[in-house]
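Open the model in a viewer and keep the sequence panel beside it.

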Amino acid sequence: MRRKIVAGNWKMNLSLAEGYQLAESVKSETKVIKPAGTDIVLCTPFIHLKGVSDIVQDSGIATGAQNCSNEKSGAFTGEISASMIKSAGARWVIIGHSERRSLFAETDNLVLRKTSAAIESGLRVIFCCGEVLAERERNDHFRVVKRQLDEGLLGLQVSDFSKTVIAYEPVWAIGTGVTASPIQAQEMHGYIRSLVQEAYGTTVARETLILYGGSCKASNAAEIFSMPDVDGGLIGGASLNSAEFAGIIRAAEL
Ligand code: PEP
């Protein structure tokens, strides 16, 4: 039986004090829930990372960044390297989020280079993929997700691939209040698992975690997480409210 992951993506939200307060609240809620089969990750803005990592230390909650540079170090003004993220106490990084792909022109190739840089520095990667609405409407969603995976992830050596989890995030569901139906999510997650199987074999495919992301909240998480190939969620808006986020963790534990 695979473990589940519930990862919060705080995006560009919260002052330092608000972020620390939220981390404290999530820690308290988690102490009450005592999740047995679910790992929790808080992906914070860079400046919150060290403080939040300190707050959740020894609580079983891990931290992550939302992006990293593909470069190791040097004259790249404004960039943050994977090893810097690791040195702040984080274990994870989100790579290839649709907002990075669309707003910051990240290509599949750049996503691959960032993924490789993160793994080389000892981070685990939440690799995001997903189609936009127009692609789904013209029935192109499987092809788009296959391309993102083939070009951004599935070329890795198996030892590197095993440091990643995949988040299927249909772009039309992110921040819109519209979720994929459990059937739509399962259909894509099953397809993704079949692609992993083709690339790395049955055992690796069985062990790979595939998260769902897109307007997931406490009221709809249980239904989506009950699908056989859905192994938890990447949570944006609902991760900014500790009670809502706790409800999603409870749903993962069902
Ligand atoms: C996300 O940005 O990864 C996400 C899933 O956002 P939301 O939950 O707000 O749709």
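For sorting residues by class, Ala, Val, Leu, Ile, Met, Phe, Trp, Tyr, Cys and Pro count as nonpolar, Asp, Glu, Lys and Arg as charged, and the others, Gly among them, as polar. By that scheme, the shell around the ligand is made up of 4 nonpolar, 8 polar and 2 charged residues. Bear in mind throughout that this is a predicted model.

**The ligand**

Select the ligand and the 14 residues around it; those that come nearest are Lys11, His97, Glu169, Gly175 and Ser215. Start with the side chain of Lys11, where an N or O atom is 2.5 Å from an oxygen atom of the ligand. Next, show the backbone of Ser215: one of its polar atoms is 2.7 Å from a ligand oxygen. Then do likewise for Gly237, where a polar backbone atom is 2.8 Å from an oxygen of the ligand. How much of the ligand's accessible area does the protein cover? On its own the ligand has 290 Å², and the protein covers 95% of that.

**Helix H12**

Now select residues 242-253, which form helix H12. From first C-alpha to last, its 12 residues reach 16 Å, close to the 16 Å expected at 1.5 Å a residue. At the N-terminal end, pick Asn241, which caps the helix: a side-chain oxygen lies 2.9 Å from the backbone nitrogen of Ala243.

Colour the buried residues of H12: Ser242, Phe245, Ala246, Gly247, Ile248, Ile249, Ala251 and Ala252. To see what these buried residues pack against, display strands S1 (4-9), S2 (38-43) and S8 (232-235), together with helices H1 (16-33) and H11 (218-225).

Terms used. Residues are numbered from 1 along each chain as its sequence is written. This is a predicted model: local features need pLDDT of at least 70, side-chain atom pairs count only at pLDDT 80 or more; totals for chains, interfaces and linings use all residues. Side-chain values use heavy atoms; hydrogens and water are left out. A residue is near a molecule or strand if one of its heavy atoms lies within 4 Å of it. A polar contact is a pair of N or O atoms within 3.5 Å; within protein, one must be able to donate a hydrogen and the other to accept it, and residues adjacent in sequence count only if both atoms are side-chain atoms. Accessible areas come from the Shrake-Rupley method with a 1.4 Å probe; for residues, only the protein chains shown count as cover. Helices (H or I, at least four residues) and strands (E, at least two) are DSSP runs, numbered from the N terminus. The expected span of a helix is 1.5 Å times one less than its number of residues. Buried means under 20% relative accessible area, exposed over 50%, partly exposed in between (1.4 Å probe, protein chains only). Contact means heavy atoms within 4.5 Å.
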